[in-house]
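Here is a short report on one protein chain. It covers contacts, core, salt bridges and surface.

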Amino acid sequence: MTFRPLHDRVLIRRIEAAEKTAGGIIIPDTAKEKPQEGEVVSAGTGIRGEDGNITPLDVKAGDKILFGKWSGTEVKLDGEDLLIMKESDILGVVA
């Protein structure tokens, strides 16, 4: 299935957190928090301003980003759990 987000929306794949701590302690699934880091899978064309011009998004496919804990809407595409969120919900790009 091909999915293309519209306007200022971005499709994101979560980057899974480490299975154990730096000290070697294994973290059980019940104690893990959802990761707040992800990779942009695809991005919309941009948002249309009041003057009618389209302002392109600052993120593009392949960017690693940080986002808020409760940001976005979870969707399942081709058996994979992904997130759709607005660009304004993205906190920043990880270099």
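## Contacts and fold

Among contacts in the protein chain with a separation of 6 or more, 62% join residues 24 or more positions apart. Contact means heavy atoms within 4.5 Å. This is a predicted model: local features need pLDDT of at least 70, side-chain atom pairs count only at pLDDT 80 or more, and totals for chains, interfaces and linings use all residues. Residues are numbered from 1 along each chain as its sequence is written, and side-chain values use heavy atoms, with hydrogens and water left out.

The protein chain has zero helices and eight strands. Helices (H or I, at least four residues) and strands (E, at least two) are DSSP runs, numbered from the N terminus. In sequence order the pattern is β-β-β-β-β-β-β-β.

## Core

Of the 95 residues, 27% count as buried. Buried means under 20% relative accessible area, exposed over 50%, partly exposed in between (1.4 Å probe, protein chains only). The largest nonpolar core has ten residues: Val10, Ile12, Val40, Leu57, Val59, Ile65, Phe67, Leu83, Met85 and Ile90. Two or more of them come from each of β1 (9-14), β5 (64-67) and β7 (80-86). Such a core is a set of buried Ala, Val, Leu, Ile, Met, Phe, Trp, Tyr and Cys residues joined through side-chain atoms within 4.5 Å.

Which residues does Val40 contact, leaving aside neighbours within four places in sequence? They are Val10, Leu11, Val59, Lys60, Ala61, Gly62, Asp63 and Ile65.

## Salt bridges

The whole structure holds five salt bridges. The criterion is a side-chain nitrogen of Lys or Arg within 4 Å of a carboxyl oxygen of Asp or Glu. Arg13 pairs with Glu39, closest N and O atoms 3.9 Å apart. Arg13 lies in β1 and Glu39 in β2 (residues 37-43), so the pair ties together parts 26 residues apart in sequence. Arg13, Glu39 and Glu80 are linked in a salt-bridge network.

Arg14 meets Glu74 at 3.5 Å, N to O. Arg14 is in β1 and Glu74 in β6 (residues 73-77), so this pair ties together parts 60 residues apart in sequence. Arg14 is buried, at 18% relative accessible area. Asp63 and Lys60 also form a salt bridge (3.3 Å, N to O). Asp63 is buried at 12%; Lys60 is exposed at 54%.

## Surface

The protein chain exposes about 6,700 Å², with carbon and sulfur atoms supplying 54% of it. Areas come from the Shrake-Rupley method with a 1.4 Å probe; for residues, only the protein chains shown count as cover.
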